[in-house]
Amino acid sequence: MTAAALTARRAGPLKGRVRAPGDKSISHRALILGALATGVTEIEGLLEGEDVKRTAQAMASFGAGVERLGDGCWRVTGQGGFSEPADVVDCGNAGTGVRLIMGAAAGFDLAVTFTGDASLRGRPMNRVLKPLGEMGATWIARGGGRLPLTLKGGALSRIAYRLPEPSAQVKSAVLLAGLHAAGGAEVIEPEATRDHTERMLRAFGAQVEVVEDGAGRRIMLAGGQSLAGASVRVPGDPSSAAFPLVAALITPGSEVTVEGVLLNPLRIGLLDTLGEMGADLSVANVRDEGGETVADVTARHSGLRGVEVPPERAPSMIDEYPILAVAAAFAEGRTVMRGIGELRVKESDRIALTAKGLAACGVGIEEGPEHLTVTGGAVGGGARVTTHGDHRIAMSHLILGLAADQPVCVDEPGMIATSFPGFVELMRGLGGEIAEGERLR
Ligand code: S3P
């Protein structure tokens with residue numbers, strides 16, 4: 001994919017069967033746990049996006065053997081721990097990468113300097129540094145706990161940490177640090193977030209106990225546990241599958257199947273919401289792959305209606321609000337999304353950029369500190385959307401352009417490769433018209 005602008009325009013119906021790229025969350029974790037473990041970890045279906053490639057490079061710099069054997073097939077040979085990298089660890093655009101690696105690295109007596117691209121250097125790291133500091137890690141960082149920062153770990157003590165915000169990244173960082181803390185770690189999450197770290201730690205031989213009670217979900221891990229290399233099959237990413245599925249729902253005459261989509265209950269908030277909006281979605285070939293449920297999901301063009309999205313659903317669809325807003329633009333009536341303040345600290349301020357992009361395309365949209373309201377109806381399009389280098393903002397507006405009255409152009413489409421390499425080719429294969437350059441007429 002080139003760095004030039006891209007323009008999407010309405011064409012015929014979208015038809016076909018595709019595979020979503022590997023799940024980003026699971027891909028990062030497979031590489032990190034593989035590097036922490038002793039022995040060989042074979043990974044199949046790894047997402048070969050820029051974010052995950054940065055994590056692969058980082059794991060090599062911490063001393064693991066990291067080899068690409070073929071398309072999506074990687075072998076990680078772990079040394080049972082991290083050694084000190086000889087250089088700065090650059091995690092690119094990846095919040096998940098840097099936050100999980102900081103947690104893992106904090107368990108070892110070494111100093112590591114982390115950095116990232118302009119977006120990542122602007123994102124809050126205090127949410128991870130706070131619990132790691134309570135465990136005994138120290139650091140020096142830019143103001144507000146921003147990258148670049150140098151973290152010094154080792155000799156950690158036990159923590160019982162209640163997450164102040166629902167964040168699987170923070171939970172995972174604490175658990176990974178807890179592996180090497182005297183007394184381990186306990187994380188209490190008032191709202192359940194994606195549980196891939198807990199599941200994968202078990203697959204690598206760790207004991208992890210999860211209890212659900214009035215306080216929420218408590219995840220307990222004993223310290224001093226060693227991991228053994230394992231085989232990981234990475235399912236298709238539901239956050240990426242969302243783009244072709246919503247494209248089919250809003251484009252007349254369409255029917256698209258995405259095969260092998262991860263249907264972990266903590267990741268399917270978007271599918272639940274689209275179902276409530278009247279989407280014609282069906283699920284087939286449901287199976288278990290490596291401890292996760294996957295299935296083939298089919299979407300057909302549907303008359304959608306606006307809904308109120310329950311705020312407690314946010315953690316299970318946090319990355320999907322921009323594309324939900326696109327679906328809502330084509331629905332009848334109002335869609336209200338509350339309790340989504342976390343969207344302001346993603347790769348960009350996704351509340352602001354979704355509001356700005358959709359408004360430029362003629363959609364009725366209102367933003368508040370922690371909410372978005374979209375009023376569906378005619379979607380004019382005909383706009384150039386500034387994405388601030390956010391891959392999901394870029395993909396969402398291109399999908400909108402496939403069904404809007406006039407074309408929609410996005411800048412910086414190269415960033416799409418952080419999570420969905422081959423997105424443009426995949427959408428073209430389904431019949432979507434996405435061309436290079438800025439051509440709004
Ligand atoms: C992720 C957790 C979420 C999500 C991100 C991936 C993970 O972030 O937005 O894309 O893999 O743990 P938060 O933990 O900040 O909510």
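This is a predicted model: local features need pLDDT of at least 70, side-chain atom pairs count only at pLDDT 80 or more; totals for chains, interfaces and linings use all residues.

Q: Let's zoom in on β15 and β17. How many bridges join them?
A: Six. β15 covers residues 255–262 and β17 covers residues 292–300. The two strands run antiparallel.

Q: Give me a landmark. What stands opposite Val 256?
A: Ala 299, in β17.

Q: What holds strands together in general?
A: Strands of a sheet pair through backbone hydrogen bonds, either parallel or antiparallel.

Q: OK, next sheet. What is the strand order in the one with β1?
A: The order is β22-β23-β1-β24. This is an open sheet of four strands, with mixed pairing. Its edge strands, each pairing on one side only, are β22 (381–385) and β24 (433–436). From one strand to the next, the twist averages 20 degrees.

Q: Which helix packs on that sheet?
A: Helix α12, residues 391–403. It touches β1, β22, β23 and β24. Its direction is at about 165 degrees to that of β23.

Q: How about β1 and β23, in what sense do they pair?
A: Antiparallel, over three bridges. β1 is residues 6–9, and β23 is residues 406–410. Leu 6 faces Val 410 of β23 across that pairing.

Q: Switching topic: aromatics. How many aromatic pairs are there?
A: The structure holds four. There is also a cluster to look at: Phe 62, Phe 82 and Phe 108 form one aromatic cluster.

Q: Now the holes. What volume does the largest pocket have?
A: About 530 Å³. Its lining comes from 36 residues.

Q: Which of those lie nearest the centre?
A: Pro 166, Ile 318, Asp 319, Glu 342 and Lys 346.

Q: Which elements give two or more residues to that lining?
A: α1 (24–36), α3 (95–106) and α6 (168–178). α1 gives the most, with four residues.

Q: What's the lining like by class?
A: It has 16 charged residues, eleven polar and nine nonpolar.

Q: And the second largest pocket, how much space lies in it?
A: About 210 Å³. The lining residues include His 196, Arg 199, Met 200 and Ala 203. Ser 231, Val 232 and Arg 233 are also among them.

Q: Which elements supply at least two residues each?
A: α7 (196–203) and β14 (231–233). The largest share comes from α7, with four residues.

Q: How does that lining split by class?
A: Five nonpolar, four polar and three charged.

Q: Which residues line the largest cavity?
A: Pro 238, Ala 241, Ala 242 and Leu 245 are among them. Others in the lining include Val 261, Arg 267, Ile 268 and Glu 320.

Q: Which element gives the largest share?
A: α8, with four residues.

Q: Last one. What volume does the second largest cavity have, and what lines it?
A: The volume is about 30 Å³. Its lining includes Arg 9, Ala 11, Gly 12 and Leu 14. Thr 251, Leu 402 and Glu 433 are also part of it. By class, that lining has three nonpolar, four polar and two charged residues.

Definitions and conventions. Residues are numbered from 1 along each chain as its sequence is written. Side-chain values use heavy atoms; hydrogens and water are left out. Two strands pair if DSSP finds at least two bridges between them. Axes are lines fitted to C-alpha atoms, for helices over the stretch in contact, and angles run from 0 to 180 degrees between N-to-C directions. Contact means heavy atoms within 4.5 Å. Rings of Phe, Tyr and Trp (its six-membered ring) pair if their centres lie within 6.5 Å; planes under 30 degrees apart count as stacked, over 60 as edge-to-face and the rest as tilted. On a 1 Å grid over the protein atoms alone, a cavity is a set of points where a 1.4 Å probe fits but cannot get out, and a pocket is an open set with protein on both sides within 12 Å along at least five of seven lines; lining residues have an atom within 4 Å of a point. Grid points are joined across faces, edges and corners, and a volume is the space filled by probe spheres set on the points. Ala, Val, Leu, Ile, Met, Phe, Trp, Tyr, Cys and Pro count as nonpolar, Asp, Glu, Lys and Arg as charged, and the others, Gly among them, as polar.
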